[in-house]
Structure formats: C-alpha cells, structure tokens
Amino acid sequence: MARTRIPPVAGGLAAAVAVALAAACWVAFPPEVAGRAIAARPDVRLSVPWPGGQASAEVQGLGSLGDHGVQRPVPIASVTKVMTAYVVLKDHPLGPDDAGPEITVDGQAEAEASSTGESSVPVRAGSRIGERDLLALMLVPSGNNIARLLARWDAGSQEAFTGKMNHEAAALGMAGTTYTGASGVEDSTTSTAADQLRLAREVMKNPVIRAVTGTANLRVDGVPGTIVNTNTLLGRNGVIGLKTGSSTAGGGALMWAAKARDGALILGVVLQQNPGGTPAAGLRAALENSERLIAAIRRELPAATR
C-alpha cells in the first residue's frame with residue numbers, strides 16, 4: 001500500500017502545534033516525576049523568604065505566588081481538621097449566625113478527653129453541645145476527640161466519615177492527598193501544600209469556618225475555662241485564620257489566611273517544618289516561618305502589582 005506523503009510545511013506546522021499543545025498542558029496540568037508533582041510557575045513573582053519543607057501561596061484575584069519545595073505527600077497532622085469541618089458543614093450546613101443542632105457527647109469522646117498523647121477537649125458524656133460550638137472546639141484548640149465525635153455523628157463511624165473526606169478531596173482535585181482519620185493524629189493522613197491550598201481556597205467561602213478559625217479565644221457552655229486558639233498569628237500581619245498542625249513525623253504545619261494591605265485575601269500553607277523534632281518545636285517553626293512569609297508578601301505585593 002502506498003504511503004501518503006505529508007508535505008514538509010504541513011508536517012512542520014503539525015509539529016509546532018503539537019509542541020504548543022504539550023506546553024499548554026504542562027502549564028495547566030503540571031506533570032509528576034515518581035509520584036511527586038512539579039510546581040507550576042507563579043503568576044506573581046515576589047522575593048520572599050520561603051521556608052524549608054513545603055509551601056504554597058496565592059493572592060485571590062491575582063493568582064499563584066508559587067509552590068516551594070517538592071510537592072510530595074507528607075503527614076499534615078491537625079490541618080486534617082479543616083477537611084473534617086468542610087465535610088460536616090457540607091452535610092449539615094449552618095448560616096453565619098446559626099448554632100446548629102445539639103449533639104450528645106458520647107462516652108468515647110469523654111474517655112478520649114483524658115488522653116495524654118494527643119490534643120483533646122474536656123467534655124462530659126451525656127452533655128449536649130451545638131454543632132457550631134463543636135466545630136469551634138475542634139478547630140480552635142484542636143480537639144482530636146471532638147473531631148472523631150463529629151465524624152461519628154455525621155457518618156456513624158470514623159471509617160465511613162473518612163471515606164467522605166477522600167471523596168471530597170478527589171472532587172477538589174487533591175490528587176496527592178489521603179485521609180485516614182478525622183483528627184490528623186495518624187501519620188498515614190498525608191497531603192501536599194499545593195493540595196491543601198486548594199482546600200483553603202474552598203473553605204474560605206464558608207462564613208462559619210471563616211468566623212470560627214478567626215476566633216482567638218472563646219467559651220463554650222459545659223467546657224471549663226477559656227478556649228485559646230493554637231494559631232497565635234491571629235490579628236498580626238493581617239492574619240484571619242486558619243488551622244495549625246504538629247506531630248513528630250510531620251513537624252509543624254499551618255494553613256493560613258491573611259488580608260493584604262489593600263484588602264485582598266492571601267492564602268498559604270506550610271508543611272514539614274522541623275520534622276523529627278518535638279511537635280511543639282515544629283509548631284513554633286511553622287508559626288515563625290509563616291509569619292515571616294506573610295509579612296514579606298504583604299510588604300512586596302504592592303510593588304509587584306503596580
């Protein structure tokens with residue numbers, strides 16, 4: 001059979017089109033090497049002190065500030081609770097000022113409150129606490145027992161709830177993320193800074209999550225004392241949220257939201273800060289490095305966008 005000969009000019013045009021399409025796909029969908037995503041190019045270039053580990057940031061309305069570090073799945077500790085809140089509120093929506101249905105604290109949540117190996121909140125079995133207050137007890141002081149209580153209330157078991165978390169992660173395009181529990185205490189719950197930035201973008205649309213994570217301290221009926229937010233950056237450098245995390249394997253982590261000087265919303269995530277040290281040292285590193293990064297972004301952003 002005779003072969004059809006493609007004229008040189010046509011062949012050259014076809015090759016050029018193929019290269020152009022490949023380049024466009026490379027930018028829109030960064031490839032992976034051995035399971036590790038290659039960072040996409042930033043839309044806005046700033047000279048800022050990116051921390052070690054992983055980081056990703058963006059300015060809404062302007063675009064990405066870039067990813068820093070190899071975006072490979074790592075333990076994210078209590079940053080996990082942001083997805084827990086997202087799933088609970090998707091299944092049981094609240095208005096900005098709604099308290100939500102009252103939920104009965106079970107014996108498991110009370111027993112877990114005395115755990116010394118993880119963060120927890122003292123609650124009593126049989127007491128009834130509103131959905132919004134439980135979300136606050138999970139997100140503000142980072143109560144692991146409250147995260148698991150909410151999971152059981154929503155889905156009947158933590159295992160069933162975890163399935164919902166992974167479903168939502170897939171729907172948001174978080175291809176490097178695996179949830180294995182509602183609290184983040186498991187080192188097998190892993191993600192990337194770029195993936196968690198996708199989630200931050202989504203949850204900041206929810207007024208309840210914005211309000212709760214932006215609360216420095218609160219009191220809840222039936223829970224002794226004042227509840228203090230683990231995110232000590234609140235109120236400094238425009239910071240208005242979101243969630244801390246720390247563990248030995250994961251180091252310190254922070255998903256943060258801040259306002260630029262012109263009011264634009266800046267979102268960012270840092271992971272793997274001082275891994276292998278104590279959780280407290282990791283959290284300090286995540287907070288300190290994030291504060292330097294946020295301050296630099298707010299300082300440099302006006303000149304970069306003129």
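Is helix H4 mostly covered or mostly uncovered, and how many of its nine residues are buried? H4 is mostly covered, with eight of its nine residues buried, where buried means under 20% relative accessible area, exposed means over 50%, and partly exposed lies in between, judged with a 1.4 Å probe and protein chains only. The buried residues of H4 are Glu131, Arg132, Leu134, Leu135, Ala136, Leu137, Met138 and Leu139.

The structure is a predicted model, in which local features need pLDDT of at least 70 and side-chain atom pairs count only at pLDDT 80 or more, while totals for chains, interfaces and linings use all residues. Residues are numbered from 1 along each chain as its sequence is written, and side-chain values use heavy atoms, with hydrogens and water left out.

The chain as a whole has nine helices and 13 strands; these are DSSP runs numbered from the N terminus, with helices (H or I) of at least four residues and strands (E) of at least two. Of the 306 residues of the chain, 46% count as buried. Contact means heavy atoms within 4.5 Å, and among the contacts in the chain with a separation of 6 or more, 62% come from residues 24 or more positions apart. The accessible surface of the chain is about 14000 Å², and 55% of this surface belongs to carbon and sulfur atoms; accessible areas come from the Shrake-Rupley method with a 1.4 Å probe, and for residues only the protein chains shown count as cover.

In soluble globular proteins, nonpolar side chains tend to be buried together. A nonpolar core is here a set of buried Ala, Val, Leu, Ile, Met, Phe, Trp, Tyr and Cys residues joined through side-chain atoms within 4.5 Å. The largest such core has 57 residues, of which Met83, Leu135, Leu137 and Leu199 touch the most other members. Among the elements that each supply at least two residues of this core are helix H2 (80-91), helix H4 (131-139), helix H5 (144-155), strand E12 (251-259) and strand E13 (265-273), and H2 gives the most, with seven residues. A second, separate core of 25 residues includes Ala57, Ala258, Leu293 and Leu301.

Two packed helices are described by the angle between their axes and the distance between the axes. The axes are lines fitted to C-alpha atoms, for helices over the stretch in contact, and the angles run from 0 to 180 degrees between N-to-C directions. H4 and H5 pack at an angle of about 140°, with their axes 8 Å apart, and H4 and H5 are therefore oblique to each other, since angles under 35 degrees count as roughly parallel, over 145 as roughly antiparallel, 65 to 115 as roughly perpendicular and the rest as oblique. Their contact is made by Glu131, Leu134, Leu135, Leu137 and Met138 of H4 together with Ile146, Ala147, Leu149, Leu150 and Trp153 of H5. By class, this contact of H4 with H5 has nine nonpolar, no polar and one charged residues, where Ala, Val, Leu, Ile, Met, Phe, Trp, Tyr, Cys and Pro count as nonpolar, Asp, Glu, Lys and Arg as charged, and the others, Gly among them, as polar.

H2 and H6 pack at an angle of about 95°, with their axes 10 Å apart, which makes H2 roughly perpendicular to H6. The contact of H2 with H6 divides into seven nonpolar, two polar and four charged residues.

Some single residues complete the picture. Asn144 lies in helix H5 and counts as buried at 3% relative accessibility; leaving aside neighbours within four places in sequence, Asn144 is in contact with Ser78, Lys81, Glu118, Ser119, Ser120, Ser183 and Val185. Arg198, in helix H7, is partly exposed, with a relative accessible area of 36%.

Most residues other than glycine have a negative phi, and most peptide bonds are trans. Ser142, in the loop between H4 and H5, has a positive phi of about 70° although it is not a glycine, and Ser142 counts as buried at 5% relative accessibility. A cis peptide bond, with omega about 20°, joins Gly241 and Leu242, and Leu242 lies in strand E11.
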